[in-house]
Amino acid sequence: MTAPVAASWLFVPGSRPDRFDKAARAGAGEVVVDLEDAVAPEDKESARDEVAAWLAGGATAWVRVNAANTRWHEADLAALASCRGLRGVMVPKTEGPAVLRRVARWLPAEAGIVALVESALGVQEAGAIAAFPAVTALAFGSIDFALDIGAEHTDEALLFARCALVVASRAASLPAPIDGVTVELRDTAAVRTAAARARGLGFGGKLCVHPAQVEPVNAAFAPDHADLEWARAVLAEAPGGEVFTSNGQMVDRPVLERARRIMARAGHRTTAGPGA
């Protein structure tokens with residue numbers, strides 16, 4: 001079973017070093033220091049230096065670099081290549097494996113790549129992107145995607161793309177993908193609803209643009225009490241056979257796997273049942 005991604009991925013602007021440590025303490029599963037959208041062109045170089053210094057000083061984080069078609073892209077990668085705290089890079093505007101090959105050449109072997117899919121072409125090439133060996137996970141840039149296809153940023157308009165990323169991730173044996181941001185910064189009910197909807201579609205986590213979004217996202221992706229009790233009961237009763245019944249419900253391999261995944265999201269190791 002593929003290990004799940006973190007539920008919450010918190011962006012912090014690369015031009016705000018005063019916020020780096022605060023973001024690291026916000027409870028997010030992963031921190032992503034942003035050198036792209038959150039940084040004005042005139043601040044790109046200084047932000048890059050601040051991020052590299054923070055990582056060199058012992059901090060650990062992901063970094064969203066500038067897109068490959070910008071003059072900052074290669075300099076970002078060069079500055080980050082030797083940073084010991086680099087978890088990996090998030091590559092915006094990913095539309096195929098070609099850019100990922102160039103990125104991978106700069107990175108140390110232990111650093112991963114989150115491919116941010118933000119366009120119609122990126123969704124069309126999601127399978128090839130997910131299959132690239134250095135890719136850790138796919139992420140959905142929903143706002144840019146809606147703009148690219150000329151649609152409103154609604155669940156209906158984004159449904160096909162979201163499903164495409166979920167299917168591509170599974171086909172490539174990647175963890176479930178990371179959903180895009182919710183623009184309501186402090187409306188925790190809206191954030192939790194959006195995160196729960198993404199989880200229901202098969203996503204494993206969500207991008208956050210404010211620390212206030214972290215807790216509702218974590219809560220939405222965590223199994224609730226009823227889910228955990230069901231999963232524990234199923235796994236406790238699992239015999240060595242292919243099919244059995246639990247509380248009047250037929251349990252076969254797919255049902256067992258769902259129970260294992262619920263426990264994995266809760267941080268529990270499971271060994272019960274066939275194929276465990």
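Two rings of Phe, Tyr or Trp, the six-membered ring being taken for Trp, count as an aromatic pair if their centres lie within 6.5 Å. By that criterion, the whole structure holds three aromatic pairs. The model is predicted. The protein has 12 helices and 10 strands, and 48% of its 276 residues are buried. Of the contacts between residues at least 6 apart in sequence, 64% join residues at least 24 apart.

**Aromatic rings**

- A pair of aromatic rings is described by the distance of the centres and the angle of the planes.
- One of the three pairs is formed by tryptophan 9 and tryptophan 62, which are tilted, with 5.5 Å from centre to centre and 55° between the planes.
- This pair links distant parts of the chain, 53 residues apart: tryptophan 9 belongs to strand β1 (residues 8–13) and tryptophan 62 to strand β3 (residues 61–64).
- Tryptophan 9 and tryptophan 62 are both buried.
- Phenylalanine 20 and tryptophan 54 also make a tilted pair, with centres 5.0 Å apart and planes at 50°.
- Phenylalanine 20 is in helix α1 (residues 20–24) and tryptophan 54 in helix α2 (residues 44–56), so this pair ties together parts that are 34 residues apart in sequence.
- Phenylalanine 20 is buried at 1% relative accessibility, and tryptophan 54 is buried with a relative accessible area of 13%.
- A charge over a ring is found at tryptophan 72: the charged end of lysine 44 sits over this ring, 5.1 Å from its centre.

**Nonpolar cores**

- In soluble globular proteins, nonpolar side chains tend to be buried together.
- The largest nonpolar core has 59 residues, of which Leu55, Leu80, Leu86, Val89 and Leu138 touch the most other members.
- Helix α8 gives this core its largest share, six residues.
- Beyond its neighbours within four places in sequence, leucine 138 is in contact with Ala115, Ala126, Ile129, Ala130, Leu165, Ala168, Ser169, Leu174, Pro177 and Ile178.
- Another core lies apart from the largest one and has 14 residues, including Ala6, Trp9, Leu116 and Leu207.

**Helix α4**

- Val99, Leu100 and Val103 are buried in helix α4 (residues 97–106).
- Viewed down the helix axis, the buried residues of α4 fall within an arc of 100°, so they line one face of the helix.
- The elements that cover these buried residues include α3 (73–80), β4 (86–91), β5 (112–117), α6 (126–131) and β6 (135–140).

**Buried polar residues**

- Serine 8 lies in strand β1 and is buried, with a relative accessible area of 0%.
- A polar atom of the serine 8 side chain lies 3.0 Å from the backbone nitrogen of glycine 29.
- Leaving out residues up to four places away in sequence, serine 8 touches Gly27, Ala28, Gly29, Glu30, Lys206, Cys208, Val214, Val217 and Asn218.
- Glutamine 213 is in the loop between β8 (205–208) and α10 (214–221).
- At 1% relative accessibility, glutamine 213 is counted as buried because the cut-off for buried is under 20%.
- The side chain of glutamine 213 has a polar atom 2.8 Å from the backbone nitrogen of valine 209.
- Not counting residues up to four places away in sequence, glutamine 213 touches Thr182, Glu184, Leu185, Val191 and Cys208.
- The C-alpha atoms of glutamine 213 and threonine 182 are 8.6 Å apart in space, while the two residues are 31 apart in sequence.

**Positive phi in residues other than glycine**

- Lysine 93 has a positive phi, near 55°, and is not a glycine.
- The position of lysine 93 is in the loop between β4 and α4, where lysine 93 is partly exposed at a relative accessible area of 35%.
- Serine 173, also not a glycine, has a positive phi of about 60°.
- Serine 173 lies in the loop that runs between α8 (155–171) and β7 (178–179).

Methods
Residues numbered from 1 in each chain as written. Predicted model: local features only at pLDDT ≥ 70, side-chain atom pairs only at ≥ 80, totals over all residues. Heavy atoms only, no water. Buried < 20%, exposed > 50% of the residue type's maximum accessible area, 1.4 Å probe, protein only. Helix = DSSP H or I, 4+ residues; strand = E, 2+ residues; numbered from the N terminus. Arc of directions from axis to C-beta. Contact = heavy atoms within 4.5 Å. Phe/Tyr/Trp six-rings, centres within 6.5 Å; stacked < 30°, edge-to-face > 60°. Lys NZ or Arg CZ within 6 Å of the ring centre and 35° of its normal. Core = buried A, V, L, I, M, F, W, Y, C linked by side-chain atoms within 4.5 Å. Polar contact = N/O pair within 3.5 Å; in protein donor to acceptor, adjacent residues only side chain to side chain.
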